[in-house]
Amino acid sequence: MSEPILLNRLTAATLADTASGYGLLANAGLAIESGRISWIGPMQDCPVDIAKLPTHDFEGRLVTPALIDCHTHLVHGGNRAQEFEMRLEGASYEEIARAGGGIVSTVTATRETGENDLLAAALRRVDALIAEGVATVEIKSGYGLDHDTELKMLRVARTVARSRPIHVSTSFLGAHAVPAGANADTYIDDVCIPALTAAHAEGLVDAVDGFCEGIAFDTAQIRRVFEAARALGLPVKLHAEQLSNIGGTALAAEFGALSADHVEYASDADVQALARSGSVAVILPGAFYAIREEQRPPIEAFRKHGVPMAVATDWNPGSSPLGSVLLAMNMACTLFRMTPAEALAGTTRNAARALGLSDRGTLAAGQRADLAIWDVNVPAELSYGIGINPLHKRIFGGVV
Ligand code: DI6
Ligand code: FE
């Protein structure tokens, strides 16, 4: 572990105080010891022993917690550029899925792709996120829909974490789509839940996810997956109310889910249920944009009821081929009228919460020293630019 150091002449967006936007600290210093933040504050309050540490001068740059992409499907084979063309000619996302395209076509490609090739493609995607200051990424399975391929995807996700300086949280998403020719109930009971149990036994699962939708699974089926997760002691999250309202958000809230994701069609009662369960609403503007959805998530209701909002890429080959967290933040503001402060909280503090991680996502003593240092004057610039990457330096686990 490297020696204690002090980073000085920073403007810090701490995100530490949930009430006050960015939690800005002018002329700030931040000390790192053993991979953690040991002190942060205005330089004029710097304790003498910390002021004596070897110092890096950041010349007034902005420091934020390193970004967190809390919802991705970035391990997958193939791509779906052809469906993009079909959608431009008028086919809808749901029509393509029902005609045997969509998720199940990526399933075929992912089954056919070997572990090394899947890893190589995933690393290219992860490298793009790292270049934007991301230090924690969530990666889902869900393009296997059989025992071997679901576990293969999760092993690749774990290998990503050993191959790059990044933390990976995995989600088992066996309940993503009904495999071609299968019966949904039989698939859940005979394939999905046994694969979850096996993946958990290999230490491959941090959380359990599902797709609750007319083109995927209903609440009774997802409930069985959630009960299996509960029996294994695993937290749950859910793709809920993305294309219609069929009760997924209420189910997620009932199970105390870490998050309900997409939630475009969530009702006011759904929002209140999330507020009571303390779940995060994960806002995914890339999917909204790519499938030209028109129903916006109820941002104002989330605000009013105090539901924390995260923002993520949903990086996947079908509904959201979006490889930029910064662009997701921009879209959350422009498409959904989130504020730039909400967008940044959405890729730091609230994204950490959506993954059940309490040791990151804010700048405070004791937190992991996962930092992003930016060439910007004000934090709103992070959401304002479109396809602009102002990262100066990313720090992972205190390594400068
Ligand atoms: N909702 C999504 O947006 C992704 N999965 C899901 O359940 C889409 C995945 C895909 O189209 O491949
Ligand atoms: Fe998704």
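**Entry 1: ligand 1 and its shell**

I looked up the surroundings of ligand 1 and found 14 residues around it, the closest being Arg-80, Tyr-93, Tyr-143, His-176 and Ser-319; a residue is near a molecule if one of its heavy atoms lies within 4 Å of it. I note that this is a predicted model, in which local features need pLDDT of at least 70 and side-chain atom pairs count only at pLDDT 80 or more, while totals for chains, interfaces and linings use all residues. Residues are numbered from 1 along each chain as its sequence is written, chains are lettered from A and ligands numbered from 1 in the order in which they are written, and side-chain values use heavy atoms, with hydrogens and water left out.

I sorted the shell of ligand 1 into four nonpolar, eight polar and two charged residues. In this scheme Ala, Val, Leu, Ile, Met, Phe, Trp, Tyr, Cys and Pro count as nonpolar, Asp, Glu, Lys and Arg as charged, and the others, Gly among them, as polar.

**Entry 2: polar atoms and cover**

I listed side-chain N or O atoms against those of ligand 1. A ligand nitrogen is 2.8 Å from such an atom of His-176, and a ligand nitrogen is 3.0 Å from one of Gln-242. An oxygen of ligand 1 is 3.3 Å from a side-chain N or O atom of His-262. The protein covers 100% of the 320 Å² of accessible area that ligand 1 has on its own (Shrake-Rupley method, 1.4 Å probe).

**Entry 3: two positive phi values**

I recorded a positive phi of about 55° for Glu-241, which is not a glycine. Glu-241 is in the loop between strand 9 (237–240) and helix 9 (248–254); helices (H or I, at least four residues) and strands (E, at least two) are DSSP runs, numbered from the N terminus. Glu-241 is buried, at 0% relative accessible area.

Arg-292, also not a glycine, has a positive phi near 50°. I placed Arg-292 in the loop between helix 11 (285–290) and helix 12 (299–305). Arg-292 is exposed, with a relative accessible area of 65%. Buried means under 20% relative accessible area, exposed over 50%, and partly exposed in between (1.4 Å probe, protein chains only).

**Entry 4: Lys-140**

I found Lys-140 in strand 6 (residues 134–140). Lys-140 counts as buried because its relative accessibility is 1%. Its side chain makes a polar contact with that of Glu-138 at 2.7 Å (a pair of N or O atoms within 3.5 Å; within protein, one must be able to donate a hydrogen and the other to accept it, and residues adjacent in sequence count only if both atoms are side-chain atoms).
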